[in-house]
Amino acid sequence: MRYADGGGLTPAGRRRRESVRMQAAEWFEQEITPSEVARRLRVSVKSAYHWHQLWRDGGREALASRGPSGSRCRLSPRCLEKLAAYLDEGPAAHGWVEDQVWIASRVATLIGRKFHVSYSVSGATRLMHRLGFSPQVPARQVAERDEQAVTAWKEVTWAEVKEPGRSAGDTSASRTKQGSPGSRPEDEPGAGAAAPRS
């Protein structure tokens, strides 16, 4: 699952978690054990011990929130504005004339061409989401679509190409564990094998 903010928490959620850690720091100052802090705050003992270690090494400041996690955007706010404008111009304005669809690989290529920054396809997808773009499904069908040709293809060509499904009678079931050698018929291979050791 991906989170819009990079760390899965809203600013309010980060503040709430920070307040829990600050309460833990207050109790650590009163020499309350990490396991008791965990019980009182209803957090894992592992978290309480981790917080205790941070508190011992750096005080309350070490338990303060550091803001949203995740990787930092490699494009400046000005470059992000330019990218949004480029995307609004459409793919044809940037050399993709075969269709008017922005796909993540094209966006990654555009970023490389315009800003000399390398983005992966998944990174370009996340960046597009950050800019407010989302996957789209066409609202209407293309004007050139021939409904009669589509229907004919489905009825004739697809019926010929499609593999018929298996009927219920064609299926079988078998054991995956081999029977013991003593239970095999006399003429079957392995029938005379020694009995298994106990």
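A salt bridge here is a side-chain nitrogen of Lys or Arg within 4 Å of a carboxyl oxygen of Asp or Glu. Keep that in mind for several stops. The model on your screen is predicted.

**Stop 1: the whole chain**

Show the protein chain as a cartoon. It has 7 helices and 0 strands. Follow the sequence and the pattern reads α-α-α-α-α-α-α. Now colour by burial. Of the 198 residues, 23% count as buried.

**Stop 2: the salt bridges of helix H2**

The structure holds 5 salt bridges. Start in helix H2, which covers residues 34-41. Select arginine 40 and glutamate 36. They form a salt bridge, and their closest N and O atoms are 3.0 Å apart. Both residues sit in H2, 4 residues apart, which is about one turn of the helix.

Glutamate 36 and arginine 39 are 3 residues apart in H2, so about one helical turn separates them.

How exposed is each partner? Arginine 39 counts as exposed, because its relative accessibility is 55% and the cut-off is over 50%. Arginine 40 is partly exposed at 38%. Glutamate 36 is partly exposed as well, at 22%.

**Stop 3**

Select glutamate 98 and arginine 106. Their side chains meet in a salt bridge, 3.0 Å from N to O. Glutamate 98 has 54%, so it counts as exposed.

**Stop 4**

Most residues other than glycine have a negative phi. The next two residues have a positive one.

Select glutamate 31. Its phi is about 65 degrees, although it is not a glycine. Glutamate 31 lies in the loop between helix H1 (11-29) and helix H2 (34-41). Its relative accessible area is 72%, so it is exposed.

Now go to the other end of H2 and select arginine 42. Its phi is positive too, at about 60 degrees, and it is not a glycine. Where does arginine 42 sit? Its place is the loop between H2 and helix H3 (45-58). At 77% relative accessibility, arginine 42 counts as exposed.

**Stop 3: helices that cross**

Select H2 and H3. They pack at an angle of about 125 degrees, with their axes 8 Å apart. The two helices are therefore oblique to each other. H2 passes H3 in a right-handed crossing.

Next, select helix H4 (residues 77-89) and helix H5 (residues 104-115). Their axes come within 11 Å and cross at roughly 125 degrees.

**Stop 4: a nonpolar patch**

Finish on the surface. Switch to a surface view and select Trp153, Trp158 and Val161. They form a nonpolar patch with about 340 Å² of accessible area together. Pick out tryptophan 158, which is found in helix H7 (residues 147-161). Tryptophan 158 counts as partly exposed, because its relative accessibility is 41%.

Technical notes: Residues numbered from 1 in each chain as written. Predicted model: local features only at pLDDT ≥ 70, side-chain atom pairs only at ≥ 80, totals over all residues. Heavy atoms only, no water. Buried < 20%, exposed > 50% of the residue type's maximum accessible area, 1.4 Å probe, protein only. Patch = residues over 30% accessible without salt bridge, like charges linked within 9 Å, V, L, I, M, F, W, Y side chains within 5 Å. Areas by Shrake-Rupley, 256 points an atom, 1.4 Å probe, with all protein chains shown as cover. Axes fitted to C-alpha atoms, helices over the stretch in contact; angles between N-to-C directions. Parallel < 35°, antiparallel > 145°, perpendicular 65-115°, else oblique. Left-handed = near helix turned anticlockwise from the far one by under 90°.
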